[in-house]
Amino acid sequence: NFEGEIFENGGLYEFKIAVMTINSYDNVLMDHVDYELGISIEETTRYDINDVNYGIQSLGIITYFDQIIDFEYNDQTKEIKFSFPFEWNQKTIDQTTVIHEEILVPKTFGDLLVSKYVATLNGLELPESMVNIDDFSADDRLVHVVVSQNELQDIFLTSQFNEDLILMTIKPESALPLSGVTENGQFKIKLWWDGELKSGQTSILHYDVLDTFLRDKPIAVPYELKLFHNEKEIQNKTGISTGSKMQSDSFEFFIPTDISGILVVKFENLDGSKLANVEFPIIIDRKNPSSTSYQIPNWVKNNAGWWADGQIPDSAFVQGIQFLIKDGIIIVPVSESTAQNESNIPEWIKTNAGWWADGQIDDKTFATGIEFLIKIGLIVV
């Protein structure tokens, strides 16, 4: 048993153990028996984001490997991005049975209740089998990203990374269908519609009722469908699902002109069970997130290219960017920064600068790197 304050933080702990005696303390071994091993302790970190349609939502990461050092959510692409330390060497690969990360998605965040996600590791797309959705908990959807040792080994042998870091991204494969599992775990609902849902118009919801115990087989069961706005029921329907792979169920309804924002679609009493309920928050009159405008003059690319080639030091690049931001020549969104004891700029930022100077990436991608430097306190504006 190991105890200590250090274990209050999650992550991967490396142990070096020497067996010096056996059977009794005075039976000292001439040659110690040495072991090196790692133990993973989970750690959960929450990040609040303010979505233009759903309001404040608390996304979370449960890591079983190492502490998260950076997190980002893109409200336009719905992409979640986070990173943590990882030493890319054979010793680390040999000691790592699996990389397991869990993304916590509130069930109040309809845009992320999709039926399928895609994930990447350091820009490399992971196999579909490594991304799994767990809707059986009460408050959050769990999206498991599990990278096997064999996959890590293949990545290590075929790729070269400039930093000892794993950068993971996960995003919806498509906006629809949404999916959810009833409280009793018996039924799964897939829900979708055509076009945008707007007040004052007639819309049609399409849905499939599936049996999770029969590997998501369509099943014919009675159900109740109710629509709520501000906790007030506005429409309802009762019926029996088709139970057919060829024909989905549908509900045509009129959206009153005075209704916009979040509309909750509730499926209740499936097969007569009071615990067979699931709900989906969807948006009427969707608002689009404001796009950030990046204004970067072409001559700045010269400086970026010189810095990427090592012709000017990090300090000169940082000072130049500070000046350009303060004078409004480069416009990027400035959030509260957290100063860190960083002496060097991450290598991937310099790589981005070189690619940008060569025209391989756009202004927005370069500006995102600048936002990162502001966030970690390397650039103070």
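Biologist: Which residues form a nonpolar patch on the surface, and what makes them a patch?

Modeller: Phe2, Ile17, Val33, Tyr35, Leu37 and Ile39 form the patch, with about 500 Å² of accessible area together. Patches are made of residues with over 30% relative accessible area and no salt bridge; like charges are joined within 9 Å, and nonpolar side chains (Val, Leu, Ile, Met, Phe, Trp, Tyr) within 5 Å. Accessible areas come from the Shrake-Rupley method with a 1.4 Å probe, and for residues only the protein chains shown count as cover. This is a predicted model, in which local features need pLDDT of at least 70, side-chain atom pairs count only at pLDDT 80 or more, and totals for chains, interfaces and linings use all residues. Residues are numbered from 1 along each chain as its sequence is written, and side-chain values use heavy atoms, with hydrogens and water left out.

Biologist: Which strand gives the most to the nonpolar patch?

Modeller: Strand β2 (residues 24-41) does, with 4 residues. Strands (E, at least two residues) and helices (H or I, at least four) are DSSP runs, numbered from the N terminus.

Biologist: Why is Ile39 called partly exposed?

Modeller: Buried means under 20% relative accessible area and exposed over 50%, with partly exposed in between (1.4 Å probe, protein chains only). Ile39, which lies in strand β2, has a relative accessible area of 33% and is therefore partly exposed.

Biologist: How do you know that the span of helix α4 agrees with its number of residues?

Modeller: The expected span of a helix is 1.5 Å times one less than its number of residues. For the 13 residues of α4 (residues 314-326) this gives 18 Å, and the end C-alpha atoms are 18 Å apart, so the two agree.

Biologist: Which residues of α4 are buried, and what puts them on the same side?

Modeller: Phe317, Val318, Ile321, Gln322, Leu324 and Ile325 are buried. They cover an arc of only 165 degrees around the axis, which puts them on the same side of α4; the arc is that of the directions from the helix axis to the C-beta atoms. The face turned away from the buried side carries the exposed residues Gln319 and Lys326.

Biologist: What makes Arg286 and Asp111 a salt bridge?

Modeller: A salt bridge is a side-chain nitrogen of Lys or Arg within 4 Å of a carboxyl oxygen of Asp or Glu. The closest N and O atoms of Arg286 and Asp111 are 2.8 Å apart, and the pair forms a salt bridge. Arg286 lies in the loop between β21 (278-284) and α3 (300-308) and Asp111 in the loop between β7 (98-106) and β8 (117-121), so the pair ties together parts that are 175 residues apart in sequence. Arg286 and Asp111 are also linked with Asp51 and Lys78 in a network of salt bridges.

Biologist: Why does Asp111 count as buried?

Modeller: Asp111 has 11% relative accessibility and therefore counts as buried, whereas Arg286, at 33%, counts as partly exposed.

Biologist: Where do Glu128 and Lys116 lie?

Modeller: Their side chains meet in a salt bridge (3.3 Å, N to O). Glu128 lies in the loop between β9 (124-125) and β10 (131-134) and Lys116 in the loop between β7 and β8, so the pair ties together parts that are 12 residues apart in sequence. Glu128 has a relative accessible area of 59% and is therefore exposed, while Lys116, at 28%, counts as partly exposed.

Biologist: How many salt bridges does a search of the whole structure find?

Modeller: The search finds 13.
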